[in-house]
Every structure is written in C-alpha cells, then in structure tokens.
Amino acid sequence: MYKVSVIIPIYKVEKHIEKCVRSLFEQTLKEVEYIFVDDASPDRSIDILKQIMLEYPERAKNSKIIYHTINKGPAQARNFGLAEAIGECIIYCDSDDWMEHTMLEDMYRVIQEQKVDIVTCDFRMVYNDHYVDYHTIDWSEDKIASLCNYIAYGWTVLWNILVKRDIYVQNKLKFFESDSAYCEDFNLSVKVLFHAGKVVHLSKILYNYNQMNVGSIMRSLNKKKMHDEQVMYLDVTNYFKLQGVYPLYEKQLCWRILKSTQEWVLSTSTYNQFLSFYPDCHQYICSCPFINTKLKIMMWCLVHHLSLISRFMLVLRFLKHGKIK
C-alpha cells in the first residue's frame with residue numbers, strides 16, 4: 001500500500017514541528033505512511049501536529065501517532081516507529097528539520113528505476129542567517145571501499161538515506177538502545193549500508209538540517225558525547241567481528257575510536273584511560289583524519305612511553321589557553 005514509511009520522533013519541538021509536518025504532508029509522492037512517535041513531549045508539539053493534520057485529511061488517513069507515557073529517548077522512539085512501519089521503504093525525519101517537497105518521490109524513483117536497496121541524498125545545514133550545503137559521498141560498485149569512505153566521513157546520518165524495509169527485517173536491524181543518544185545514527189546506518197546489495201547517491205539537496213534549535217542533541221554536546229561515541233563505535237566494531245568482516249574496515253573504525261578518546265590526552269589524570277582503551281587503534285594514530293597534528297604527537301608519545309613530551313605540550317597549552325588539567 002505504501003511506497004515509503006516516514007518515522008518521526010517528537011520531543012520538545014513546538015517551535016519547529018509545524019514546518020516539519022507541512023514539508024512531509026506536501027510531499028509530491030502520494031503513497032506515504034507517516035508514523036509520529038510522541039516520546040512524552042511536555043510541550044504543545046502533539047497539539048500542533050494534530051491541528052496540522054486537520055488541514056491535510058488525506059495525509060491524516062495515512063498517519064499514525066504512537067504515544068509514550070514516559071520519555072524513552074530517540075533510539076527507542078525510532079524503534080517503535082520501525083516496528084509499526086509497513087512501507088516498501090523506510091526513512092527517518094527529525095521533527096525540527098524539513099524535507100524538500102520532492103524528496104521522497106525523487107529518492108523512491110531511484111530505488112525503482114535503478115533497482116537498488118538504498119539511495120542517499122545531499123542536505124543543507126540551515127542557520128539563522130545563512131546555510132551550508134553538504135554533498136555526501138558517492139557509492140561505487142566497490143562496496144567495501146565505499147563503506148570505508150562512509151565510516152571515515154564526517155556526516156553519517158539516517159535522515160538522508162532511503163532504505164528498502166527488507167534490509168531491516170531480514171537482518172533484524174534496529175537502533176542500539178542505551179543511555180547513549182549521540183552517534184546512534186552512525187551505529188545503525190553503517191550496519192544498514194553493510195547489508196545493502198547496491199547503494200546509489202542522488203546528488204541533489206533534499207533535506208534541511210535545522211541548526212536553529214538550540215535544544216537539539218547536536219547543539220548541546222557535552223562530556224557525555226565522548227562516552228556515547230565510544231559505546232556506538234565499539235558496538236559496530238563487535239558487530240563487524242561477528243560478521244567476520246572486521247579486518248576490511250578496521251582502520252576506519254579505529255579512526256572513529258581514536259576520535260572519541262582524544263579528550264583523554266588533554267589531561268594527565270586520564271592518560272591511562274587512553275592507553276588502555278582499545279589499544280589496537282594506536283597503530284592508526286598518524287593516519288587518523290579526525291585528529292589534529294598536536295594531538296597525534298601527544299598520542300604517539302604516550303603510546304611510545306614518552307609521556308614527558310606529552311606533559312610538556314600540555315604545559316605549552318596551559319600557557320597559551322590559561323588552563324590545564
């Protein structure tokens with residue numbers, strides 16, 4: 001019945017949800033299922049959603065609202081939506097972002113015409129007074145090389161990826177549920193892309209990523225980010241080991257792990273944590289694209305028992321920035 005199911009978790013977005021929902025209901029593709037998951041939002045988000053649904057009765061017929069009595073977090077909210085979805089393809093949308101009106105039709109057409117499992121598109125980061133366009137990676141017939149490039153790419157999200165639902169069902173894929181709310185898209189998108197037969201990149205900006213919502217997870221990163229990254233990266237690493245393919249992606253996954261441990265190098269009190277946390281990644285310090293040269297030097301010195309040099313570099317940092325840990 002539905003060509004695409006869109007899953008939209010809702011929590012504290014009353015200032016932004018109207019634009020999001022209108023962009024969804026005004027899609028040029030008609031056969032769309034909308035699954036809104038109210039993650040116990042304490043504001044007027046759901047009231048606004050219901051008001052807009054009255055303006056689009058045909059879309060409202062194909063919409064479902066799932067209610068949580070307590071806040072469960074974005075991973076569980078999305079998993080509840082995924083379990084309910086019956087469309088041929090699945091895509092996610094954050095409730096403070098919005099789609100271009102032809103996004104679903106353009107991407108679904110690629111799925112059909114090129115007979116692929118997944119199609120990705122480009123996106124735009126929208127700020128108060130400007131925007132920045134991002135062109136995601138191209139996918140070649142060399143699936144391993146392409147997935148390596150994806151793991152090493154800065155933007156690994158799910159709202160610009162249209163996936164045939166069979167990929168989720170046949171491989172029993174869903175969001176990793178934990179207290180970690182950051183990098184959950186990376187965790188699932190890498191697994192989904194690994195299991196896909198053919199992936200195509202549609203070089204067209206179709207998604208608008210809202211950078212004006214100061215309450216979003218991506219705009220309120222703190223020390224917990226480092227822990228969340230580590231949980232998600234290690235889970236993907238273990239998943240690939242179980243699949244017997246870890247050596248093919250080891251370097252890129254180790255780059256990610258190194259990225260998540262770089263804060264430990266900036267304090268003598270966490271040197272041992274850095275050294276003991278997944279030491280297999282230390283061989284990739286020099287090639288890691290996520291870390292600047294100074295941190296690479298400090299990491300390399302710690303690994304090679306030259307901690308005095310790392311400490312000296314911390315002193316220089318203190319003299320420059322006025323603080324040291």
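Me: What makes strand β9 (residues 199-210) largely enclosed by the rest of the structure?

Reply: Of its 12 residues, 10 are buried, so β9 is largely enclosed. Buried means under 20% relative accessible area, with a 1.4 Å probe and protein chains only. Strands are DSSP runs of E, at least two residues, numbered from the N terminus. This is a predicted model: local features need pLDDT of at least 70, and side-chain atom pairs count only at pLDDT 80 or more. Residues are numbered from 1 along each chain, and side-chain values use heavy atoms, without hydrogens and water.

Me: How do you know that β6 and β9 pair?

Reply: Two strands pair if DSSP finds at least two bridges between them. Nine bridges join β6 to β9, so they pair. They run parallel. Phe-123 stands opposite Tyr-207 in β9.

Me: What makes β6 and β7 a pair?

Reply: They share four bridges, in the antiparallel sense. A hairpin of four residues joins β6 to β7. Arg-124 stands opposite Asp-133 in β7.

Me: Why is Ser-95 called buried?

Reply: Its relative accessible area is 5%. That is under 20%, so Ser-95 counts as buried. Ser-95 lies in the loop between β4 (89-92) and β5 (98-99).

Me: Which residues are in contact with Ser-95, leaving aside neighbours within four places in sequence?

Reply: Among them are Ile-8, Pro-9, Tyr-11 and Cys-20. Contact means heavy atoms within 4.5 Å. The Ser-95 side chain reaches the backbone oxygen of Pro-9 at 2.9 Å.

Definitions and conventions: Buried means under 20% relative accessible area, exposed over 50%, partly exposed in between (1.4 Å probe, protein chains only). A polar contact is a pair of N or O atoms within 3.5 Å; within protein, one must be able to donate a hydrogen and the other to accept it, and residues adjacent in sequence count only if both atoms are side-chain atoms.
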